[in-house]
Amino acid sequence: MIQKLCIFTVNFAFNRQVILTNLEKMLPKNIELYFFTTKEARKSYTTKRAKIVETNCNQYTSFFELRRFCRKNNIDRIMNLGCLPQEEFVMMF
């Protein structure tokens, strides 16, 4: 069973905020949520339940930071909110 879920994106878009808000409402309360994003994009997002993890890296190198974060915190699943090529790159890892 999934106990820790990390949601990530590198840019802000209103539809991604809506998805994040709905996920926070729909997912069971026993799932620990993390929201991983860049420092620039973080200024625009709001969350009620997810723990926000900011990275100082740019959108191309932040994936290596995401990978380290997930290994360190034993994240069970990763979910991508974006559809940009650089965001899809992380799914290969």
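**Labels and their cut-offs**

Visitor: What makes Ile7 count as buried?
Guide: Its relative accessible area is 0%. Buried means under 20%, exposed over 50%, and partly exposed in between, with a 1.4 Å probe and protein chains only as cover. So Ile7 is buried. Ile7 sits in strand E1. Its C-alpha is 8.2 Å from that of Leu20, 13 residues apart in sequence.

Visitor: What kind of model is this, and how are residues numbered?
Guide: It is a predicted model, where local features need pLDDT of at least 70, side-chain atom pairs count only at pLDDT 80 or more, and totals for chains, interfaces and linings use all residues. Residues are numbered from 1 along each chain as its sequence is written, and side-chain values use heavy atoms, leaving out hydrogens and water.

Visitor: How many aromatic pairs are there?
Guide: The rule pairs rings of Phe, Tyr and Trp (its six-membered ring) with centres within 6.5 Å; planes under 30 degrees apart are stacked, over 60 edge-to-face, the rest tilted. By this rule there are five aromatic pairs.

Visitor: Why is the pair of Phe8 and Phe63 called edge-to-face?
Guide: The ring centres are 6.2 Å apart and the planes stand at 80°, so the pair is edge-to-face.

Visitor: What makes this pair a tie between separate parts of the chain?
Guide: Phe8 is in strand E1 (residues 4-9) and Phe63 in helix H3 (residues 62-72), so the pair ties together parts 55 residues apart in sequence. Helices (H or I, at least four residues) and strands (E, at least two) are DSSP runs, numbered from the N terminus. Phe8 is buried at 1% relative accessible area. Phe63 is buried at 2%.

Visitor: Why is the pair of Phe12 and Tyr45 called edge-to-face?
Guide: The centres are 4.9 Å apart and the planes at 70°, so this pair is edge-to-face. Phe12 is in the loop between E1 and helix H1 (14-26), and Tyr45 in the loop between helix H2 (39-42) and strand E3 (51-55), 33 residues apart. Phe12, Phe35 and Tyr45 form one aromatic cluster.

Visitor: Is Tyr45 buried or exposed?
Guide: Tyr45 is buried, at 1% relative accessible area. Phe12 has 37% relative accessibility, so Phe12 counts as partly exposed.

Visitor: Why is Phe14 called exposed?
Guide: Phe14 has 61% relative accessibility, so Phe14 counts as exposed. Phe14 lies in helix H1.

Visitor: How do you know that the span of H1 agrees with its 13 residues?
Guide: The expected span is 1.5 Å times one less than the number of residues. That should give 18 Å for H1; its end C-alpha atoms are 19 Å apart, which agrees.

Visitor: Which residues of H1 are buried?
Guide: Arg16, Gln17, Leu20, Leu23 and Glu24 are buried. Seen down the axis of H1, they fall within an arc of 125°, so they line one face of the helix. The arc is that of the directions from the helix axis to the C-beta atoms. On the other side of H1, Phe14, Lys25 and Met26 are exposed.

Visitor: What makes the buried residues of H3 line one face?
Guide: Ser62, Phe63, Leu66, Phe69 and Cys70 are buried in H3. Down the axis of H3, its buried residues fall within an arc of 115°, so they line one face. The face turned away from that buried side carries the exposed residues Arg68, Arg71 and Lys72.
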